[in-house]
Amino acid sequence: MSILVTGGAGYIGSHTALELLNAGYDVIILDNLCNSKTESVKRVEEITGKKAKFIEADIRDREALDRVFAQNSIDAVIHFAGLKSVPESWQKPLDYYENNISGTVTLCKAMQAAGCKKIVFSSSATVYGAENESPLREDMPTGKTTNPYGTTKLYIEKILQDTYEADKEWSVCLLRYFNPIGAHESGRIGEDPRGIPNNLMPYIMRVVVGKLPELTIYGNDFNTPDGTGVRDYIHVVDLALGHIKAVEKVLGETGCNIYNLGTGIGYSVLDIKAGVEKAIGRPLPFKFGPRRAGDIDTCFSDPSKAKAELGWEAKRDLDKMCEDTVRWQLGNPDGYGD
Ligand code: NAD
Ligand code: UFG
């Protein structure tokens with residue numbers, strides 16, 4: 001079976017490509033490298049001892065997509081390609097709508113033309129908005145996203161749902177990720193963000209390698225046990241394994257299904273800081289600062305639907321998430337380099 005992985009050179013895509021290769025799938029990675037480097041793909045091949053086919057192309061380029069489908073027999077698509085920064089999406093909403101939404105429509109049209117109607121899509125817990133109470137369940141209302149990035153995920157979910165409603169030969173899996181952290185335990189692949197990271201774990205890692213002086217914790221007056229924000233952090237390898245189960249589902253039957261991919265456990269910013277301190281064996285410099293606009297108290301999943309229907313659950317605990325992130329970062333202080 002051959003799987004096209006859009007955005008497969010990126011953080012979650014590279015970990016998923018690795019697990020697909022390990023599971024015996026042929027993997028074709030399509031990425032325009034706007035937020036990644038081919039080094040990740042080389043390292044996936046090095047770790048697995050297997051080859052992935054790499055195509056440098058943009059999901060908005062219909063001709064390139066048509067060529068990919070004409071030249072390869074593709075059984076299903078896992079669609080990671082997209083822009084993902086919340087603050088950048090406020091500055092450049094049109095880029096986000098064009099890249100994420102138009103790109104997905106172009107991809108689906110190319111798939112439809114080629115008769116490949118099986119897709120697994122990277123959605124986000126952000127579609128639940130700020131009003132639902134955790135644990136978040138797939139049947140809770142969506143629609144009140146709080147930033148343009150989140151709105152692209154909401155619209156793409158709707159576009160894929162409508163595509164299935166119009167043509168029941170489609171098989172769609174919408175995966176709502178919670179907060180992916182961690183790295184492959186080899187320490188050879190991991191998250192490599194550009195510039196100053198927005199997200200907690202990549203920011204902490206810059207402090208660990210001495211590139212930033214201290215962590216600022218955004219607020220200690222949230223309505224949580226220790227006052228800092230609570231999130232459902234999930235090891236990226238668990239997330240990648242969730243995609244293997246999802247791809248089995250779309251290969252096996254038609255339908256349109258939504259699954260949370262989270263652990264169901266909420267950890268605070270101070271819990272994450274403590275986990276990293278345990279992994280590095282020293283305290284992490286930090287200070288408390290004001291809240292960040294838009295941050296909510298608590299967000300964690302009810303992961304029971306994925307367990308019941310996909311036979312998947314997250315297995316890696318917080319210590320493992322922190323140890324693996326630290327191993328990657330200390331072994332690769334400059335990420336994949338230049
Ligand atoms: P990433 O930026 O590391 O990976 C995305 C990849 O897509 C990159 O390699 C980038 O070069 C590529 N890409 C972007 N636009 C493209 C285009 N037009 N054509 C071809 N390639 C393109 O991000 P990630 O963390 O691996 O996230 C993967 C997916 O998961 C994204 O869709 C993201 O929105 C979603 N997601 C991520 C998180 C998270 O916290 N990391 C949470 C929820 C959902
Ligand atoms: N935080 C800090 N300091 C930092 C960075 C983050 O204290 O330097 C705190 C935040 O206030 C929050 C927690 O760490 O309490 C996690 O913040 P992240 O930015 O890592 O993650 P978010 O939960 O805010 O956002 C993530 C993804 C978004 C997605 C959202 C909802 O980055 O793309 O989850 O699912 F939209």
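This is a predicted model: local features need pLDDT of at least 70, side-chain atom pairs count only at pLDDT 80 or more; totals for chains, interfaces and linings use all residues.
Biologist: How are residues and chains labelled, and what pLDDT do local features need?

Modeller: Residues count from 1 along each chain as its sequence is written, while chains are lettered from A and ligands numbered from 1 in the order written. Side-chain values use heavy atoms, without hydrogens and water, totals for chains, interfaces and linings use all residues, side-chain atom pairs count only at pLDDT 80 or more, and local features need pLDDT of at least 70.

Biologist: At what angle do helix α3 and helix α5 pack?

Modeller: Helices here are DSSP runs (H or I, at least four residues), and strands are E runs of at least two, numbered from the N terminus. Axes are lines fitted to C-alpha atoms over the stretch in contact, and angles run from 0 to 180 degrees between N-to-C directions. Helix α3 covers residues 62–71 and helix α5 covers residues 93–114. Their axes lie 9 Å apart, at an angle of about 35 degrees.

Biologist: Is the crossing of α3 and α5 left-handed or right-handed?

Modeller: A crossing is left-handed if the near helix is turned anticlockwise from the far one by less than a right angle, and right-handed if clockwise. The α3 and α5 crossing is right-handed.

Biologist: Which residues in α3 meet α5?

Modeller: Contact means heavy atoms within 4.5 Å. On the α5 side, the residues are Thr106, Leu107, Lys109, Ala110, Met111, Ala113 and Ala114. On the α3 side, they are Arg62, Leu65, Asp66 and Phe69.

Biologist: How many residues of helix α7 are buried?

Modeller: Buried means under 20% relative accessible area, exposed over 50%, and partly exposed in between, with a 1.4 Å probe and protein chains only. Helix α7, residues 200–208, is mostly covered. Its buried residues include Leu200, Tyr203 and Arg206.

Biologist: Which elements do the buried residues of α7 pack against?

Modeller: Three are strands: β7 (179–181), β8 (215–218) and β10 (233–235). The others are helices α9 (269–280) and α11 (318–331).

Biologist: Which residue just after α7 takes a positive phi?

Modeller: The phi is about 80 degrees. The residue is Gly210.

Biologist: Where is Leu33, and what is its phi?

Modeller: Most residues other than glycine have a negative phi. Leu33 sits in the loop between β2 (26–31) and α2 (39–48). Leu33 is not a glycine, yet its phi is positive, about 60 degrees.

Biologist: Which peptide bond is cis, with omega near 5 degrees?

Modeller: Most peptide bonds are trans. Pro135 is in the loop between β5 (118–124) and α6 (148–166). The cis bond runs from Ser134 to Pro135.

Biologist: Which side chain has an N or O atom 2.7 Å from an oxygen atom of ligand 2?

Modeller: Ligand 2 is surrounded by 19 residues (a heavy atom within 4 Å). A backbone N or O atom of Thr126 is 3.3 Å from a ligand 2 oxygen. A polar side-chain atom of Arg292 is 2.8 Å from one. At 2.7 Å, the side chain is that of Arg231.

Biologist: Which residue has a polar side-chain atom 2.8 Å from a nitrogen atom of ligand 1?

Modeller: There are 27 residues around ligand 1. A backbone N or O atom of Tyr11 lies 2.8 Å from a ligand oxygen, and one of Asn32 lies 3.1 Å from a ligand nitrogen. The side-chain atom belongs to Asn99.

Biologist: Is Thr228 buried or exposed?

Modeller: Thr228 lies in the loop between β8 and β9 (230–231). Its contacts, leaving aside neighbours within four places in sequence, include Ile217, Phe222 and Phe288. A polar atom of its side chain lies 3.2 Å from the backbone nitrogen of Val269. At 0% relative accessibility, Thr228 is buried.

Biologist: Which side chain makes a polar contact with the side chain of Thr151?

Modeller: Thr151 lies in helix α6 and is buried, at 10% relative accessible area. A polar contact is a pair of N or O atoms within 3.5 Å; within protein, one must be able to donate a hydrogen and the other to accept it, and residues adjacent in sequence count only if both atoms are side-chain atoms. At 2.8 Å, the partner is Thr145.
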